[in-house]
Amino acid sequence: MSNTAPALIASNGDSLREAFGKSLSALADEFPQVVVLDADIAGGTGVHHFRKSHPERFIQFGIAEQNMMAAAGGMAAVGLIPVVTTFAVFCLRAIEQARLSLCYARRNAKIVASHPGLDVGPDGGSAQALEDLACFRAIPGMTVISPADATEMALATRAILEFDGPVYMRTGRSASPKLFGDDHKFVIGKGQILRDGNDLTIIACGTEVARALEAADLLKEDGISARVVNMPTIKPIDTDLIARCARETGAIVTAEDHNIHGGLGGAVAEALAASVPAPVEFVGVKDVFGASGEPEELAYAYEIAAPFIAAAARKVLKRKK
Amino acid sequence: MTLTAQKTAAEPDHAQKLLVQLAQAARFVRMHSIASIYHAGSGHPGGAMSSADLFACLYGAEMNVSPRMVSDPNRDRFTLSKGHAAPALYAVGAYYGFCDPKESLKLRKLNSPFQGHPHVLDLPWVETSTGSLGQGISVAIGMAIGLKLQNNPARVYTMLGDGELQEGEVWEAAMSAAHHKLNTLTAVIDYNKLQSDNSNAVIMGLEPLADKWRAFGWDVQEIDGHDIAAILAALRHAGTTAQPSVIIAHTIKGKGVPYMENIPTWHGSVKFTREQAEEALQALGASLADMKDFLDV
């Protein structure tokens with residue numbers, strides 16, 4: 001395969017997938033055991049950068065994700081750190097391979113999935129994975145991560161390579177707004193308060209973090225003080241921070257570009273139920289499939305845009321004791 | 001025979017002796033598998049019987065493995081893609097000293113590392129966890145690619161069942177092994193023609209099987225999977241090819257136990273009565289002392 005092939009889909013360099021691909025390339029010399037596995041969509045997942053910089057460690061599996069996923073287990077077994085890359089929906093196709101050959105065997109392998117959620121846009125409902133966080137979260141031993149901007153993605157890429165164990169990480173297709181400065185920290189299993197507030201807490205991951213901050217601005221206009229928490233690790237979830245937010249603000253809204261069942265919202269609700277019970281409203285796709293459209297249009301059509309997060313906040317306040 | 005393990009020495013000028021030793025190992029694999037499945041109250045005996053000679057040749061002669069090499073990076077690797085043949089793998093492991101012959105009779109029991117299908121965290125020497133058909137060959141491919149990348153000449157072996165070949169992943173794997181020119185990979189197919197519910201031909205036909213693998217770019221050999229000399233020769237040839245190599249070993253399900261041979265019922269997870277276990281061991285040539293060793297533990 002040519003090393004000078006263009007990216008499959010034009011991306012402006014700010015997308016999470018591009019940030020991931022560039023970071024992985026930059027880290028490759030520091031982590032000589034890293035190999036990248038591709039199923040003919042390197043241009044789409046961001047690893048075209050790695051293919052160009054480290055062609056000898058770029059392994060093509062063709063359009064055959066099940067074999068690729070299980071083969072990663074074999075590579076990890078002989079001491080490499082395989083990074084399996086494909087679209088999030090195709091990771092679902094190989095989830096049983098991830099379960100048995102990566103997690104059950106406790107391999108140090110990483111799955112990095114681009115094109116999650118409605119953020120996929122025009123490719124439509126078949127391509128928009130709205131179930132991946134829930135599915136991968138349910139596998140014992142799997143760490144699940146969804147960074148919010150390019151800076152965090154770069155930090156998370158390093159963190160998953162330093163971490164010993166199987167990881168599922170979401171990137172993203174669309175250009176993502178810059179949220180964090182150079183002093184940003186990423187630690188697996190830790191969330192952080194991005195904006196303080198007293199009336200309620202919005203807990204978000206991935207592309208919904210920027211929308212959560214927008215929602216906090218909208219709420220401020222109504223005199224509502226919303227705390228915003230970035231929760232880039234879905235599993236293991238930061239129970240301490242969630243409990244603290246429930247204690248200090250008394251009401252929670254979760255926001256994710258994912259089905260409302262089983263993803264970030266589910267993880268947060270489980271943590272709350274076992275620590276400091278509080279009313280929760282869930283912003284996400286309401287147990288339906290997506291459709292074609294631009295990501296921003298879809299965010300409004302499926303009610304995950306900032307005004308809907310703000311509406312969920314007003315609703316949860318009414319339930320607050 | 002007692003439940004003790006002895007490595008057979010592969011000395012080229014004692015070829016005949018080796019054949020006798022491997023036949024003895026295969027007999028132990030069959031008897032130990034019957035016994036462990038009897039004690040477990042469930043398990044898959046048919047495929048353990050059909051693959052016993054293949055296991056004996058792989059572990060007793062062909063592969064560069066030993067209990068002392070379990071974490072040696074230069075050891076050969078084996079994955080049991082047909083994970084339900086675990087009793088035979090544990091039995092050959094017991095024979096050659098990878099695990100304790102008595103302990104490994106605690107098949108499928110709570111707190112035993114000898115689970116119904118092999119698990120690498122319980123038993124490092126089984127190399128990977130299997131039990132979902134189609135994955136063991138992919139893992140073997142990953143190992144072969146990884147070892148080559150690290151300039152490690154170790155070979156990788158995998159054993160597949162015939163019904164397993166109905167999994168699409170096997171053909172994804174077959175395509176990728178040829179594409180990546182994995183000449184260090186040998187796949188052995190235990191072709192006993194029977195699967196869980198009926199014959200391959202009735203459930204989902206596999207023929208022309210050799211042509212399929214040839215078309216996928218593999219070196220193909222067809223042998224009698226109970227002819228130890230033929231198995232050894234095929235394994236040796238597989239190490240000389242430019243392509244990945246597959247050995248289609250024609251076998252008999254339940255081989256060595258007349259009431260089991262070629263009866264699909266003995267594929268699945270079965271419960272032996274004491275009488276059935278004794279009859280099987282007797283058919284395999286067990287003495288009264290053997291019988292006691294295997295069944296009264």
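In chain A, 24 residues of domain 1 are in contact with 30 residues of domain 2, where contact means that the C-beta atoms of two residues, placed from the backbone, lie within 7 Å. This is a predicted model, so to speak of local features takes a pLDDT of at least 70, side-chain atom pairs count only at pLDDT 80 or more, and totals for chains, interfaces and linings use all residues. Residues are numbered from 1 along each chain as its sequence is written, while chains are lettered from A and ligands numbered from 1 in the order in which they are written.

Domain 1 of chain A covers 16–170 and domain 2 covers 192–319; such bounds come from an automatic or database domain assignment. Taken over C-alpha atoms, their centres are 26 Å apart. On the domain 1 side, helix H7 (132–137), strand E5 (143–145) and helix H8 (150–162) of chain A each supply at least two of the touching residues. Helices (H or I, at least four residues) and strands (E, at least two) are DSSP runs, numbered from the N terminus.

Now step into the open sheet of chain A, five strands in the order E7-E9-E8-E11-E12 with mixed pairing; two strands pair if DSSP finds at least two bridges between them. Strands E7 (192–195) and E12 (280–285) of chain A each have a single partner strand, so they stand at the edges with one side lacking a neighbour in the sheet. E11 (residues 252–259) runs parallel to E12 in chain A, and five bridges join them. A:Ala255 has A:Val283 in E12(A) as its bridge partner.

Over to the other chain: the contact between chains takes 23 residues from chain B and 23 from chain A. On the chain B side, helix H4 (135–149) and helix H5 (168–179) of chain B are the elements giving two or more residues, and H4(B) has the largest share, with 11 residues.

Most residues other than glycine have a negative phi, and most peptide bonds are trans. The bond from A:Lys235 to A:Pro236 is cis, with omega near 0°, and A:Pro236 lies in the loop between strand E10 (233–235) and helix H10 (239–249) of chain A. B:Glu207 and B:Pro208 are also joined by a cis peptide bond. As for phi, A:His115 has a positive value near 60°, and A:His115 is buried, with 27 other C-beta atoms within 10 Å. The cut-offs, with C-beta atoms placed from the backbone, are 20 or more others within 10 Å for buried, 12 or fewer for exposed, and partly exposed in between.
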